[in-house]
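Me: I'm new to this one and would like to go through its charged side chains. Could you walk me through them?

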Amino acid sequence: MTVDVEKLKERMAEFIHALQDDICGALERLDGKARFREDPWQRPGGGGGRSRVLEDGAVLEKGGVSTSVVFGELEEAFAKKLQGEGRTFWAGGISLVLHPRNPHVPTVHANYRFIHQGGKAWFGGGADLTPYFLYEEDAVHFHRVHKEACDRHDPAYYPRFKDACDKYFYLRHREEARGVGGIFFENMGGDLEREFALVRDAGRAFLPAYLPIVERRKDMPFTEAQRFWQEVRRGRYVEFNLVWDRGTIFGLETKGRTESILMSLPPQVRWRYDYHPAPGSEEAKLVEVLRNPRDWAGSR
């Protein structure tokens, strides 16, 4: 059966806007103080988006949940770097990054997208967790919820996507992962309807994967030293997003809205020269795991 790519674009746009509404509503209820500010924007070359940012909340120090549907022509040099053909493109997606106030609550990222370039169309995306202190039950929960979403479609998906996530969210210059991973996939090359169904289930898995973790940790007491460590680790997050992240590069190369592209950056961050946590500390335990990925969902 031939897939109607134009209809699929419309359905993807409807899905990401509905998911954005659901996630923003749930996060506002969770935070109880701050609300999202919405900035609709237009891209000069075609399309636009709606960026939603929450700042100075009771639970979330900063959070961004944005959608975009952009189209037009790519620069020749950048078009050749993508997986499609020619310069004409369409891209629709949702992207979110949440930076909590309490260092016991992990930062989280998720992104789901559909891209059409020339005669080729593909889905991509995933979600990953970046803790500052390691609570193994949190990592297990996050992974198992996403594994369940993947298993509805193919039991082979989760281990494959988990490995891809570990490899992608990796700071090569630090020789450590950004966090404890999750799932990540790009252009599986199969039936687009089946892949869209996977994207819908994975996107809807975000809230049940993340909210219980926040509820467990958001009221835990923390020290200035723990806050310091959170800001040091946030520096690693910035390094990945600005040096390695393909989504950041894609947004800038396609002349998207800069504020929306860089909304993922944390509000407060620090770099301490040649800083290493004390051996045997909780901070050092986290770094050890970031250098040796685990099978959190028990899939092997």
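Salt bridges in the model

Reply: We can start with arginine 174, which counts as partly exposed at 31% relative accessibility, and please keep in mind that this is a predicted model.

Me: Which side chain does arginine 174 meet in a salt bridge?

Reply: Its partner is glutamate 239, and the N to O distance between the two side chains is 2.7 Å. Arginine 174 sits in the loop between strand E7 (170-171) and strand E8 (176-177), while glutamate 239 belongs to helix H7 (residues 224-243), so the pair ties together parts that are 65 residues apart in sequence.

Me: And is glutamate 239 buried or exposed?

Reply: Glutamate 239 counts as buried, because its relative accessibility is 11% and the cut-off for buried is under 20%.

Me: Switching to helix H1, where do lysine 9 and glutamate 6 lie?

Reply: Both are in helix H1 (residues 5-31), where 3 residues, or about one turn of the helix, separate them, and their side chains form a salt bridge at 3.1 Å, N to O. Lysine 9 is buried, with a relative accessible area of 10%, whereas glutamate 6 is partly exposed at 46%.

Me: What about glutamate 28, which side chain does that one meet?

Reply: Glutamate 28 forms a salt bridge with arginine 35 at 3.2 Å, N to O; glutamate 28 is buried at 17% relative accessibility, whereas arginine 35 is exposed at 62%.

Me: How many salt bridges does the count come to?

Reply: The count comes to 26 salt bridges.

Terms used: Residues numbered from 1 in each chain as written. Predicted model: local features only at pLDDT ≥ 70, side-chain atom pairs only at ≥ 80, totals over all residues. Heavy atoms only, no water. Salt bridge = Lys/Arg side-chain N within 4 Å of Asp/Glu carboxyl O. Helix = DSSP H or I, 4+ residues; strand = E, 2+ residues; numbered from the N terminus. Buried < 20%, exposed > 50% of the residue type's maximum accessible area, 1.4 Å probe, protein only.
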